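Here are my notes on the structure below. Please read them with the model open beside you.

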Amino acid sequence: MTFVITSPCLGTQDRACVDACPVDCIHFEAGVDAMLYINPVDCIDCGACQPACPVSAIFPESEVSEEESRFININSLWFEDAAAARVELGTDIEPVVSAEEVAGGASGSGSEDGLVAEELPYQQVDVTQMNLPSSPTPVLSPVSVVALLLLSLSLFTMIMFPGPAVIKPAGTTLEIGLTIILLAPVVALMTIIFIIHQWSQLGNFSAHNSRDISPWRVDVSDWRRSEDSRRADLLDIVQSIAKERFDFPNVDNPDMRTYVNLPEPQMAIEVQGGSRKILPDIVVLDRPGGRPKLIAQVESRETLTREQAKYVWSELQVKDAPLLLYVPSGLAAQAKDYARSAGVKNVQFRTWRRQPDNIRVREVR
Ligand code: SF4
Ligand code: SF4
């Protein structure tokens with residue numbers, strides 16, 4: 001499948017999609033063409049151009065309406081025979097963009113002069129020199145500390161000074177003292193307060209450790225084999241998607257580079273002005289040492305969790321680099337729900353499914 005530009009582009013031609021495309025596969029001849037065209041061979045189906053279009057001219061091929069379906073052929077024909085595509089288009093709408101405008105760099109995109117390089121909001125990080133993110137140390141909130149103290153004090157008092165017996169269950173020698181009865185509600189209340197105030201810490205802990213082997217499992221061979229097999233599975237899926245969808249550099253994009261951060265980190269992204277470094281599963285740069293064009297994160301059934309959305313996906317939202325999330329086939333609605341509740345907005349979803357010889361990826365609308 002590919003994406004297709006349709007009739008609303010005629011007479012608009014603002015080229016916003018060109019800036020958004022990570023593989024530079026949207027073209028036209030300035031001063032001659034009245035619209036832009038997507039090369040179906042080079043398009044990697046990332047969908048980044050679609051939200052960039054101010055007039056909603058771009059659609060996945062499968063969603064092009066009946067009235068606009070002729071643009072599927074026109075888009076691909078332009079890359080084989082531009083003159084024939086213009087005849088097929090048959091419009092008398094004048095081109096909006098002149099050759100002089102493009103020559104003068106009016107679009108402001110793709111420039112590699114020093115000024116643009118200085119303004120890059122990202123920089124490469126030498127991963128051999130950086131401290132990789134580690135699990136945050138759990139911290140007790142002040143309310144939790146007070147609750148824990150009262151809970152401990154109440155339990156101590158109940159055990160040491162149970163008070164005069166007021167309840168003696170029939171048929172047993174058990175005696176429940178007055179102090180125990182009075183302090184039992186306090187113990188229950190303090191336990192609830194403690195859990196409520198530490199809940200986010202527990203979630204934080206699990207999110208940052210979701211891909212680690214829990215220490216208590218290490219000596220249990222069944223668990224370890226299962227966990228290792230899941231990790232190997234995820235690694236295989238990430239590498240398959242990187243190979244199939246982002247196989248850079250290639251003949252058409254000799255400068256672009258794809259980095260896969262599994263099993264070992266290769267390329268971290270640091271947002272300028274902050275201490276935050278992110279390690280997405282897949283990073284595509286426009287050139288070695290250049291800026292990120294695309295970030296992709298791959299989840300398996302085990303790693304697709306609310307915590308992953310809240311603590312990992314939310315960190316991957318960076319300016320100008322579309323985030324693609326690959327989730328197992330059938331779990332797209334669940335992933336969208338997690339993303340929504342985690343406040344992750346600028347994200348496009350894809351599903352993956354294993355095939356006998358490869359991996360099948362589908363766009364999610
Ligand atoms: S879908 Fe992605 S690769 Fe294809 S034209 Fe749009 S931005 Fe470019
Ligand atoms: S963003 Fe839309 S209107 Fe602008 S050039 Fe691209 S397809 Fe045409």
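1. Start with burial. A residue is called buried if its relative accessible area is under 20%, exposed if over 50%, and partly exposed in between, with a 1.4 Å probe and protein chains only. By this scale Asp 337, with a relative accessible area of 30%, is partly exposed. Accessible areas come from the Shrake-Rupley method with a 1.4 Å probe, and for residues only the protein chains shown count as cover.

2. The basis of these notes is as follows. This is a predicted model, in which local features need pLDDT of at least 70 and side-chain atom pairs count only at pLDDT 80 or more, while totals for chains, interfaces and linings use all residues. Residues are numbered from 1 along each chain as its sequence is written, chains are lettered from A and ligands numbered from 1 in the order in which they are written, and side-chain values use heavy atoms, leaving out hydrogens and water.

3. The chain as a whole. Helices (H or I, at least four residues) and strands (E, at least two) are DSSP runs, numbered from the N terminus. The protein chain has 11 helices and 15 strands. Of its 365 residues, 38% are buried. Its accessible surface comes to about 20000 Å², and carbon and sulfur atoms hold 55% of that. A contact means heavy atoms within 4.5 Å. Among contacts with a separation of 6 or more, 66% are between residues 24 or more positions apart.

4. A buried strand residue. Ile 58 lies in strand β4 (residues 58-60) and is buried, with a relative accessible area of 2%. Which residues does Ile 58 touch, not counting those up to four places away in sequence? They are Phe 3, Val 4, Ile 5, Cys 17, Ile 38, Cys 49, Gln 50 and Cys 53. Cys 17 is 41 residues from Ile 58 along the chain, and the C-alpha atoms of the two are separated by 8.9 Å.

5. Aromatic pairs. A pair of aromatic rings is described by the distance of the centres and the angle of the planes. Rings of Phe, Tyr and Trp (its six-membered ring) pair if their centres lie within 6.5 Å; planes under 30 degrees apart count as stacked, over 60 as edge-to-face and the rest as tilted. The count by this rule is three aromatic pairs. Trp 78 and Phe 79 form an edge-to-face pair, because their ring centres are 5.0 Å apart and their planes stand at 80°. Trp 78 is buried at 13% relative accessible area, whereas Phe 79 is partly exposed at 27%. Phe 246 and Tyr 326 also pair edge-to-face, with centres 6.4 Å apart and planes at 80°. Phe 246 is in the loop between α9 (221-245) and β8 (257-260) and Tyr 326 is in strand β13 (residues 323-328), so this pair ties together parts that are 80 residues apart in sequence. Both Phe 246 and Tyr 326 are buried. Ring pairs also join Tyr 37, Trp 78 and Phe 79 into a cluster.

6. Salt bridges. A salt bridge is a side-chain nitrogen of Lys or Arg within 4 Å of a carboxyl oxygen of Asp or Glu. How many does a search of the whole structure find? The search finds nine salt bridges. One of them joins Arg 245 and Asp 45 (3.1 Å, N to O). The pair links distant parts of the chain, since Arg 245 is in helix α9 and Asp 45 in the loop between β3 (37-38) and α2 (49-52), 200 residues apart. Arg 245 counts as buried at 15% relative accessibility, and Asp 45 is buried at 6%. Another bridge joins Lys 243 and Asp 247 (3.4 Å, N to O); here Lys 243 is exposed at 54% and Asp 247 partly exposed at 37%. Glu 29, Asp 33 and Arg 86 are linked in a network of salt bridges.

7. Helix α11. The buried residues of helix α11 (residues 332-341) are Ala 332, Ala 335, Tyr 338 and Ala 339. Seen down the helix axis, they fall within an arc of 125°, so they line one face of α11; the arc is that of the directions from the helix axis to the C-beta atoms. These buried residues pack against α10 (306-311), β13 and β14 (347-354). The face turned away from the buried side carries the exposed residues Ala 333, Arg 340 and Ser 341.
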